[in-house]
Amino acid sequence: MTVFTDLNLDKKVLKAIAETGYDTPTPIQEGAIPPALEGKDVLGIAQTGTGKTAAFTLPMITLLGRGRARARMPRSLVLAPTRELAAQVAENFDTYAKYTKLTKALLIGGTSFKEQDLLIDKGVDVLIATPGRLLDHFERGKLILSDVKVMVVDEADRMLDMGFIPDIEEIFKKTPFTRQTLFFSATMAPEIERITNTFLSAPVKIEVARAATTNENIKQGVVMFKGSRRDRADSEKRKLLRALIDAEGDACTNAIIFCNRKSDVDIVSKSLKKYGYDAGAIHGDLDQSVRTRTLDGFRDNKLRFLVASDVAARGLDIPAVSHVFNFDVPSHAEDYVHRIGRTGRAGRSGVAIMICNPRDEKNLADVERLVNHEIPRLDDPTPSRPVAAPTEADAEAKPAREEKPRRSRSRKPREDAKTEAEEATAAAPANTEADQPQATDDKPKREPRQRGGRNRGGKGDGNGRHEKIVGMGDDTPAFIALSFDERAKA
């Protein structure tokens with residue numbers, strides 16, 4: 001069995017490792033550290049939670065043991081996709097370099113440019129940054145990358161998902177061709193493979209697990225969910241989440257709950273708090289100080305539930321997470337691997353439960369295709385809504401309702417309408433000669449419509465027939481009659 005003392009690491013580094021309680025390297029560490037110490041480029045492929053951060057931090061500290069950084073010219077560069085992951089790398093560096101004189105600077109968004117500029121001006125051995133903030137400093141003329149000897153790209157597949165690949169290529173071009181590159185990823189997409197072929201020189205490839213595999217000690221399951229009504233589906237889904245948490249009981253010591261959208265992160269977090277669950281939210285729109293405070297509270301077991309977007313899915317070193325709940329099926333299948341990788345770390349067992357809507361079944365199929373196995377279906381723990389059995393009174397009332405004739409909107413046959421018209425004419429009293437209209441008024445100028453529908457010229461009787469309009473009769477307005485009188489006088 002290989003131990004850290006067999007890997008030719010600096011004695012000061014070994015002392016710091018011993019204080020952390022580790023003595024045996026993980027497979028990715030055992031495979032990556034020796035070629036890295038030899039100055040070779042390394043391409044490491046391993047699932048999340050296997051110790052990739054220490055796999056490049058330990059040899060980097062050893063390699064930088066000699067020499068001194070100059071102002072604005074870092075000697076090494078570590079690129080991470082998110083602020084949280086960059087901060088975690090910085091914490092690892094502080095832990096393992098505590099007995100050395102190496103300096104570092106952390107360049108991430110949400111913090112002051114001025115404070116970061118002061119650190120860079122003093123000269124740092126290790127520069128840990130997100131791509132966007134690094135390029136901001138470079139474009140402002142505050143950073144020179146011509147002295148970078150070791151460059152590390154961590155979570156490269158996440159860089160691809162977040163659209164950082166053009167930035168990564170630009171940064172590569174600004175560093176010396178003779179640099180050593182350590183490239184780590186959990187999956188190997190074609191775009192990432194193209195970058196490694198372009199910017200890495202004869203890399204040593206270490207693949208300790210098949211790309212996009214899940215940890216075997218994680219118990220997985222999915223609940224197929226369908227809301228009773230569209231306007232109730234969201235609240236019923238949150239109720240299902242609470243039922244799943246309750247069903248796990250004391251075994252669920254803490255959990256990360258992943259949502260696809262930032263708005264859902266806030267909604268789910270507030271809902272859990274409303275029902276008495278100790279929960280906090282973390283996503284990219286929150287201020288960095290809030291994100292750091294929430295994450296620290298979860299690490300220190302002051303917060304039981306962390307509701308997060310995928311900003312927390314990659315690389316966060318929280319070793320004792322018992323459960324992961326996927327409130328949504330991830331849009332990208334690779335994110336499922338990284339999400340559930342937050343549990344079952346360092347040999348521990350874990351549980352990963354997912355909720356799947358009918359509209360997410362396609363994404364679920366993509367996930368199962370990626371991990372190459374079917375995720376077990378779980379029963380819905382929420383109590384089913386009872387359906388009342390029909391009583392005798394209901395059974396008697398139902399036929400009665402059926403016997404009631406339905407109102408028909410269809411028009412009556414023409415023959416029926418004609419017969420009714422003739423009967424109405426026969427029943428009406430005959431008009432006297434004085435009451436007869438003049439010959440010119442025998443027929444109205446506009447015939448009323450005989451079929452059903454509206455008729456602007458008269459009133460309908462509901463059966464498609466309309467009264468004939470002859471004239472205004474006694475309702476003639478006075479001003480009209482007055483105008484005729486004046487003409488007669490003239």
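# Contacts, sheet and helices in a predicted model

Biologist: Which residues does M151 touch, not counting residues up to four places away in sequence?
Modeller: A contact means heavy atoms within 4.5 Å. With residues up to four places away in sequence left out, M151 touches L77, L79, I171, F172, T175, R179, Q180, T181 and L182.

Biologist: What is the C-alpha separation of M151 and R179?
Modeller: This is a predicted model, in which local features need pLDDT of at least 70 and side-chain atom pairs count only at pLDDT 80 or more, while totals for chains, interfaces and linings use all residues. Residues are numbered from 1 along each chain as its sequence is written, and side-chain values use heavy atoms, with hydrogens and water left out. M151 and R179 are 28 residues apart along the chain, and their C-alpha atoms are separated by 6.9 Å.

Biologist: Is M151 buried or exposed?
Modeller: M151 sits in strand β5 (residues 150-153); strands (E, at least two residues) and helices (H or I, at least four) are DSSP runs, numbered from the N terminus. Buried means under 20% relative accessible area, exposed over 50% and partly exposed in between, with a 1.4 Å probe and protein chains only. The relative accessible area of M151 is 0%, so M151 is buried.

Biologist: How many of the seven residues of β13 are buried?
Modeller: In a regular strand the side chains alternate between the two faces of the sheet. In β13, G350, A352, M354 and C356 are buried on one side, and V351, I353 and I355 on the other. β13 is therefore largely enclosed by the rest of the structure, with a buried count of seven.

Biologist: Why are α8 and α9 called roughly parallel, and what is the angle?
Modeller: I165, E169, F172 and K173 in α8 meet E191, R194, I195 and F199 in α9. Axes are lines fitted to C-alpha atoms, for helices over the stretch in contact, and angles run from 0 to 180 degrees between N-to-C directions. Angles under 35 degrees count as roughly parallel, over 145 as roughly antiparallel, 65 to 115 as roughly perpendicular and the rest as oblique. The axes of α8 (residues 165-174) and α9 (residues 190-199) are 12 Å apart, at an angle of about 5°, which makes the helices roughly parallel.

Biologist: How far apart are the end C-alpha atoms of helix α12?
Modeller: The expected span of a helix is 1.5 Å times one less than its number of residues. For the 12 residues of α12 (residues 288-299) that gives 16 Å, and the end C-alpha atoms agree, at 16 Å.

Biologist: How many disulfides are found in the whole structure?
Modeller: A disulfide is a pair of cysteine sulfur atoms within 2.5 Å. Among the cysteines, C252 is buried at 1% relative accessible area, and C259 is buried at 0%. The number of disulfides found in the whole structure is zero.
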